[in-house]
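Please look at the sequence and the model together before reading on. The report below moves from the chain as a whole to its strands, and then to a few residues in the backbone.

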Amino acid sequence: MDLQFFRGNVYKHTPDVAHLTTGHPDGFLLSFNKKTNGSKDWHQYFNYPEYGFSIHTMDYNNKYLGTNYAIGAHFNFFFLKRHLMLRISQGIGMTTNPYDKVTNNKNNAFGTKILDNNYFLLQYQKKNLIGPIGLQTGFMLSHFSNGRFKAPNSGLNTFTFNIGLNYNFDKEQEYQKIDSLPDKKSFRERVKYNVAFRTGISEGPVVDLGQRQFYHIGLYADKRIGRKSALQLGTDVFFSRYLRDYIKYAVVAKPNGQIVDPNVDYKRIGVFVGHELFINKLSVETQVGYYVYKPFDYEIDLYQRVGLKYYAYKNCFTGIGLKTHGGRAEAIELTLGVRL
């Protein structure tokens, strides 16, 4: 296990959150980690990673923001003789002081009490310095938002410096080695074709505009290039129904002086490139896309997606992901798909 304390700054990813970046957030991170021992081939391919769960607090030290709490699951990956550690975590959070149009209308970052949280940790780690006690220090990027489940939802990204201690419950780790690991070339496949159906609920960027279901359809090809990786190329079609409501609002309100045709199409089409990192039955998917059809001028033309996939049965998968435009979340997507 490890216990760390941190302090840092909120990144001003949009001028709308400038009044929320005045404090220096601090808190603690408590983690429990389970070592892998090489009994499965993926342990060795990933240099014997660890997996576990963590809880952390984030006091923003800002009068409009309260304290956030989060719990999440993570993987730890090791480099440089296991002294450099990269952690990827996905979880759920809660804030103590969300937006309220009467009592707290300046908190445009968190429109709901329940939030999505993910964080990345890069650290130097030294175990067993004094008996079972070791030291670790490094940097963390933490993101809280509700994925625009409800407005307002600017979300906040925080960069922090961490320092803390770790405690090793086991004696010196012994790693098993499988001598007959499959050759890397044996994982290479022909081009596979994927269909992904993604759905969830979102609200436009205006408070009380109304929550609407969305349907995102992904059609893409991927080429596996080894045990760990596949490259992707494909297209997305977005039926984001909250945009219909926002278009009606924009026709009347003309935000930022924008003149909007009331008959403009709310649908969007994008093309993307991506990467899939296969771990076990889990994989981490990252994609970067560009809108080739976007009649309504909304957000920037580039979009990103990061998510987790789980292959439940052969080539059938499910998952959860976050679609964003830069630092601004648009949707938390629940996914069902097939890889043929």
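## Burial and overall form

Of the 340 residues of the chain, 49% count as buried, where buried means under 20% relative accessible area, exposed means over 50% and partly exposed lies in between, with a 1.4 Å probe and protein chains only. This is a predicted model, in which local features need pLDDT of at least 70 and side-chain atom pairs count only at pLDDT 80 or more, while totals for chains, interfaces and linings use all residues. Residues are numbered from 1 along each chain as its sequence is written, and side-chain values use heavy atoms, with hydrogens and water left out.

The chain has two helices and 16 strands; these are DSSP runs numbered from the N terminus, with helices being H or I of at least four residues and strands being E of at least two. The radius of gyration of the chain is 22 Å, close to the 20 Å that the globule rule gives for 340 residues, so the chain is as compact as a globular protein of that length. That radius is taken over C-alpha atoms, and the globule rule is 2.2 Å times the number of residues to the power 0.38. Along its principal axes, the C-alpha trace spans about 70 × 55 × 25 Å.

## Strands that pair with β8

Two strands pair if DSSP finds at least two bridges between them. Strand β1 (residues 2-11) pairs with strand β8 (residues 156-167) in the antiparallel sense over 10 bridges, and within this pairing Tyr 11 has Asn 157 in β8 as its bridge partner.

Strand β8 is also joined to strand β7 (residues 133-145), by 12 bridges, and these two strands run antiparallel. Here Gln 136 stands opposite Gly 164 in β8. In a regular strand the side chains alternate between the two faces of the sheet.

## Backbone details

Which peptide bond is cis, with omega near -5°? The bond in question runs from Ala 151 to Pro 152, and Pro 152 lies in the loop between β7 and β8.

Asn 47, in the loop between α1 (41-45) and β3 (50-62), has phi near 60°, a positive value in a residue other than glycine. Asn 47 is partly exposed, with a relative accessible area of 33%. Asn 61 is found in strand β3, where its phi is near 50°, again a positive value in a residue other than glycine, and at 38% relative accessibility Asn 61 counts as partly exposed.
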